[in-house]
Amino acid sequence: MNIFEAKDLTHSKDISCDVCIIGSGAGGSPLAAGLVEKGLNVVMLEAGSYQTAKNFRMNEAEALRNLYQEGGLRATSDLGITILQGKSVGGSTTINWTTCFRTPEKILTLWQKRFGLFPLTSEELSPYFQEVERRLNIRPWSEEAANANNKVLLRGCKTLGWESSVLKRNVNGCANSGYCGMGCPINAKQGMLTTYLPEALNGGMRLFCNTRADRVESSTTRAERILASVIDPKTNRPTGVRLNIKSKVIVSACGAINGPALFLRSGLNDKNLVGKRTFIHPVVAIAAQFDEPINGFHGAPQSISSHQFINRGADKIGFFMETAPIHSILTSSSVPTFGKDKMQFMSQLNHMSVLIAIHSDGVHPDDVGGTVSITSSGRPKIDYPISPLLKEAFREAHKTLGTLGLAAGAKRCYSLHTNPVSIEKNDDISLFEQQKYGSLEHIIFSAHQMGGLPMGKDPNQSVVNSDLRHHSIENLFVVDGSVFPTSLGVNPSQTIYTLSLRAVNTIANLF
Amino acid sequence: MKLNRRKLVKYGLAGSAVLSLAGFGLGLQGTKIIASQTPLQTLSEQEYSILYAIANALLPETPPFPAAHTLQVAEGVDKTLAPRAPEVQTEIKQALHLVENALSGFVLEMRTVPFTSLSLPKQQQELAQWRTSSIQLRRKVFKALNSLCSAAYFASPKTHSLVGYDGPPAHIWEIRKAMGIQ
């Protein structure tokens, strides 16, 4: 078997290959499968563990510990924003909620006009979109199969005359369990673990798990090698075993936080652009309480969305609405109250719907997002100031979600402010006006990390070009969400798969 | 009084040292020590004791919900922190000392005894002030400790029936069995 885990890696060694891909998620895996098919010798490094369906026992605590960055504790440096991001073989595709969208036309047009990404048209990307949709079985879920949580969103939108649509999901044989975020227990999710990764492995790719890329060594024009440490999965500390990988081409595919951090540890920041313009689709939420059970922990976590407010005018940040699954750890740790208030809230967990507004950051010309830097020990540090533009959007999003919940028949809607607001009728919506918005004023989280190593035509404004190739280091590529110059306004996984497939020929043609 | 993060952490850390030297003379008390039910992996005995008090104040017995200590919440948080980066562990330890410290407590709340020696209502009153404080660092400390304790508490299967959670659907286990996923 060509999968190596920490227990197999007992001695430091040198490795040679054609292409070394750092990261096994949505960016790394389709690329790996494509390159292996072209006959290239591919090595993949993954900092997380190799976990498969047999490990996915629908236990939330276990999943957070084993499948999420920093055991589910990743956050901005002020702790204002919780960042949910995968860390195991398959990356975030192992724990995402399977929602798929093609890159919106509006975003591609924006990228062309503002960042000179003229090759990235819908027409150019269409065959890759289609191939990804075929391979990952991306199809619309059915309205009938939507769980009660998603039906709240649907009902609210219909009552208010707002746009809503049934989502597409990358699943095959989904049994509607509701545990997508803990790793699919029956391999129905068509994430990397069950699709492109096995293809790459069957074709001979070597996968080194529990192996963290520490730095890329390079000259001004060539990346030479990767120095990596083997990590003990139990202690999360280096075992002392190191890998020295000499590769003709190096691909960073470890996501929009770890990727920029790797570049910074490697001194690859001559233009001071790395880690800047980090976008996270900041999410705010309300909980809507119903008389009838919602049981939001069962059923596909996301099956309905509304983009009614994605275009709020040129001077505002837009948002789209979806739902979040309601498992007890994530919910309880997001509720800012304590004591009797928290117990009272939690005792209604199975009657709660959680409606979320996901903000499309970076699209407004003044919205520069956040920054990834590194600590003295090399750990990623994420700073994300909440701008007045975003605060305005958060306020509107709370009012909108409250209106939606009541329209759907909720008897009460709660904000997740440090001092929560409870509303029971439309006249109460104005209470949201009086609240403070921003970091540590209410719950904010992110499940989509983008940017930090943006693509663009101008080497003084971007890190890679539209072929995802570094502007000055000719054999260094970035293939993941960190290349997005703005957020998307839709869930990003399909765009990453698509760019990854598109990069196959670019890289293969170098050999 | 305007306090920034550096000053507050300074109060927390320097305060511990000052108290250990001068606390006795001032009539100030040390941390009320509680023994852990399991060997600690991350926290010292003192830090565990502070966390134990905070967890019980955040998640007190509220029938039918049991108190945090009966679900070993502080032990759970200690275990959660073990594989985390040393910087993260240090920040949480600083947060615990900051809450406990009588000197910072005196500056912020006019109290002269450590958090662990306060009555439960007083502890809850103080935590409520941390939650909505105008000082961002206090809200950060509250959020960190509240989230960690809540996660450890509601990870316990003993809370599942209390929140109406009936566990993973039975048919999924049957599908797994049929697929040979064991």
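Reader: Leaving aside its neighbours within four places in sequence, which residues is Val42(A) in contact with?

Author: In this predicted model, Val42(A) is in contact with Cys17(A), Asp18(A), Val19(A), Ile21(A), Ala32(A), Leu35(A), Val36(A), Ala200(A) and Met205(A) once those neighbours are left aside. Each of these pairs counts because contact requires C-beta atoms, placed from the backbone, within 7 Å.

Reader: Which residues touch the most other members of the largest nonpolar core?

Author: Val42(A) is one of them, together with Ala32(A), Leu355(A) and Cys149(B), in a core of 212 residues. The element that gives the most to this core is H7(B), with 10 residues. A separate, second core has 5 residues, among them Ala6(A), Leu9(A), Ala47(A) and Ile231(A).

Reader: Why is Thr400(A) called buried?

Author: Thr400(A) has 24 other C-beta atoms within 10 Å, and the cut-off for a buried residue is 20 or more, so Thr400(A) is buried. This residue is found in helix H10 of chain A and, residues up to four places away in sequence not being counted, touches Phe309(A) and Ala357(A). Between Thr400(A) and Val171(A) there are 31 Å in space, C-alpha to C-alpha, and 229 residues in sequence.

Reader: How do you know that the span of helix H5 of chain A agrees with what it should be?

Author: Helix H5(A) covers residues 148–160, which is 13 residues, and at 1.5 Å a residue it should span 18 Å; the expected span uses one less than the number of residues. The C-alpha atoms at its ends are 18 Å apart, so the two values agree. Within H5(A), the buried residues are Asn149(A), Asn150(A), Val152(A), Leu153(A), Leu154(A), Gly156(A) and Cys157(A), and what covers them includes strands E14, E15, E16 and E17 and helix H10 of chain A. Just after H5(A), Gly161(A) takes a positive phi of about 75°.

Reader: What makes E5(A) and strand E8 of chain A a pair?

Author: Pairing needs at least two bridges, and 2 bridges join E5(A) to E8(A), residues 168–170, with the two running antiparallel, so they pair. In E8(A), Lys168(A) is the bridge partner of Cys100(A).

Reader: What is the order of the strands in the open sheet of 3 strands in chain A?

Author: The order is E5-E8-E6, with antiparallel pairing. E5(A) and E6(A) stand at the edges because each has a single partner strand, so one side of each is left without a neighbour in the sheet.

Reader: How many residues does the contact take from chain B and from chain A?

Author: Chain B contributes 40 residues to the contact and chain A contributes 38. On the side of chain B that touches chain A, helices H4, H6, H7 and H8 of chain B each supply at least two residues, and H7(B) gives the most, with 10 residues. By residue type, this side of chain B divides into 20 nonpolar, 13 polar and 7 charged residues.

Reader: How many helices and strands does chain B have?

Author: Chain B has 8 helices and 0 strands, and of its 182 residues 43% count as buried. Among the contacts in chain B with a separation of 6 or more, 65% are accounted for by residues 24 or more positions apart.

Technical notes:
Residues are numbered from 1 along each chain as its sequence is written. Chains are lettered from A and ligands numbered from 1 in the order in which they are written. This is a predicted model: local features need pLDDT of at least 70, side-chain atom pairs count only at pLDDT 80 or more; totals for chains, interfaces and linings use all residues. Two residues are in contact if their C-beta atoms, placed from the backbone, lie within 7 Å. Helices (H or I, at least four residues) and strands (E, at least two) are DSSP runs, numbered from the N terminus. Ala, Val, Leu, Ile, Met, Phe, Trp, Tyr, Cys and Pro count as nonpolar, Asp, Glu, Lys and Arg as charged, and the others, Gly among them, as polar. A residue is buried if 20 or more other C-beta atoms lie within 10 Å of its own, exposed if 12 or fewer, and partly exposed in between; C-beta atoms are placed from the backbone. A nonpolar core is a set of buried Ala, Val, Leu, Ile, Met, Phe, Trp, Tyr and Cys residues joined through C-beta atoms within 7 Å.
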